[in-house]
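Take a look at the chain shown below. This briefing walks through its sheets, helices and cores, one topic at a time.

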Amino acid sequence: MSAPYASLIPADADRLSLYLARIGLAAPVEPAAEGLAILQRAHRMNIGFENMDVMLGRAISLDPDAIFGKLVMGARGGYCFEQNWLFGTMLSRMGFANRPLLARVWLGLAEDAPASPLTHTFRLVDLDGEAWIADAGFGGSYVPPIPLADGATVQTNDGAKHRITRHSAPGSLAGEWLVERMGPAAATDGRATAPGWQKQYSFNLNEVAPIDLELSNHWTFTKPETRFTTAWIASIVLEDGFAALNGRRLTMYAGGRGDVMEIANAQDWRAMLADLFRVELSEDEVAGLKVF
């Protein structure tokens, strides 16, 4: 599907302007902490996290034109390898020095679970010599930009706190740094169940080559019996909350209240995906997903 998505891009496209229009910003942001927060939040509120191409049996391409065509021109979302490639590229165009990192996701796993694979990517951003993590592609909750400093904590509009801690020695299989969240479980994709601080993902600062991203991406969209290859999932950030879809089950947290509902039919499901998650699928694609 990479060629059809790539073909959506006009030959003379001003890609930065098209991206800013897609996420609802009138102009580029300044390369500073405040600008980073504004940009990431706008991205996450307007480009839904979703895996519908995986569930349709399509390969997830990391070709730059395929990603831009899909997420910006095609009114679609994607998962972290697509989202954070786009985000990182646009950051660079606005003067933010950044590079990719890989992480192990611990959300929803038992405390004694073995190490998960490196199936999450996000960005390490340099702001005047200070390192920050920025993540426009984590589907479990909204992880805001956070300074890379032991104990740094940031609160989000949904009432949650996220913090980063240095929890292992360099070279540890579990990663040197850990991102944790504490807040309303209803403002997540449903994997957050225990009270208190919960692990989200861990990482180190190793250089990540393009082939590393290709390898992790391929595992993510092909490995049988994982959440990405067995469930229809989507999420998006709301003004003061979060919405998540798992199959026919929709959860929403807004105004301090959580609601759960079952979508009754394919027509309503398609409309909800477009209206709430900003993900537009054809009737044939919805039929091919076999959700109903």
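The model is predicted.

- Strands of a sheet pair through backbone hydrogen bonds, either parallel or antiparallel.
- β1 pairs with β10 over 2 bridges, in the antiparallel sense. Phe 49 has Ser 235 as its bridge partner in β10.
- β10 (residues 233-238) also pairs with β11 (residues 241-246), antiparallel and over 6 bridges. A hairpin of 2 residues joins β10 to β11.
- Two partners show how β10 and β11 line up. Ser 235 is bridged to Ala 244 in β11, and Ile 233 is bridged to Asn 246 in β11.
- Is β10 mostly covered or uncovered? β10 is mostly covered, with 6 of its 6 residues buried.
- Ile 233, Ser 235 and Val 237 point one way from β10. Ala 234, Ile 236 and Leu 238 point the other way. All of them are buried.

- β3 and β4 run antiparallel and are joined by 5 bridges. Val 125 stands opposite Trp 132 in β4.
- β6 and strand β7 (residues 161-166) run antiparallel, joined by 4 bridges. Thr 153 stands opposite Arg 163 in β7.
- β6 and β7 form a hairpin with 5 residues between them. In the turn, Gly 159 has a positive phi of about 90°.

**Where α5 meets α6**

- Helix α5 (residues 64-73) and helix α6 (residues 80-93) pack at an angle of about 100°. Their axes are 10 Å apart.
- That angle makes α5 roughly perpendicular to α6.
- On the α5 side, the contact residues are Pro 64, Ile 67, Phe 68, Lys 70, Leu 71 and Val 72. They meet Phe 81, Glu 82, Gln 83, Trp 85, Leu 86 and Met 90 in α6.
- By class, this contact has 9 nonpolar, 1 polar and 2 charged residues.

**The nonpolar cores**

- In soluble globular proteins, nonpolar side chains tend to be buried together.
- The largest nonpolar core has 40 residues. Tyr 19, Leu 36, Leu 39, Leu 86 and Met 94 touch the most other members.
- Which elements each supply at least two residues of this core? They are α2 (15-22), α3 (33-46), α5, α6, β3 (118-127), β4 (130-134) and α7 (210-222).
- α6 gives the largest share of this core, with 6 residues.
- A second, separate core has 19 residues, including Leu 238, Leu 250, Val 279 and Leu 289.

**Two positive phi angles**

- Most residues other than glycine have a negative phi.
- Asp 128 has a positive phi, near 50°. Asp 128 is in the loop between β3 and β4.
- Why does Asp 128 count as exposed? Its relative accessibility is 81%, and the cut-off for exposed is over 50%.
- Arg 278 also has a positive phi, near 60°. Arg 278 is in the loop between α9 and α10 (283-289).
- Arg 278 is partly exposed, with a relative accessible area of 35%.

Terms used: Residues numbered from 1 in each chain as written. Predicted model: local features only at pLDDT ≥ 70, side-chain atom pairs only at ≥ 80, totals over all residues. Heavy atoms only, no water. Axes fitted to C-alpha atoms, helices over the stretch in contact; angles between N-to-C directions. Parallel < 35°, antiparallel > 145°, perpendicular 65-115°, else oblique. Contact = heavy atoms within 4.5 Å. Nonpolar A, V, L, I, M, F, W, Y, C, P; charged D, E, K, R; others polar. Core = buried A, V, L, I, M, F, W, Y, C linked by side-chain atoms within 4.5 Å. Buried < 20%, exposed > 50% of the residue type's maximum accessible area, 1.4 Å probe, protein only. Pairing = 2+ DSSP bridges.
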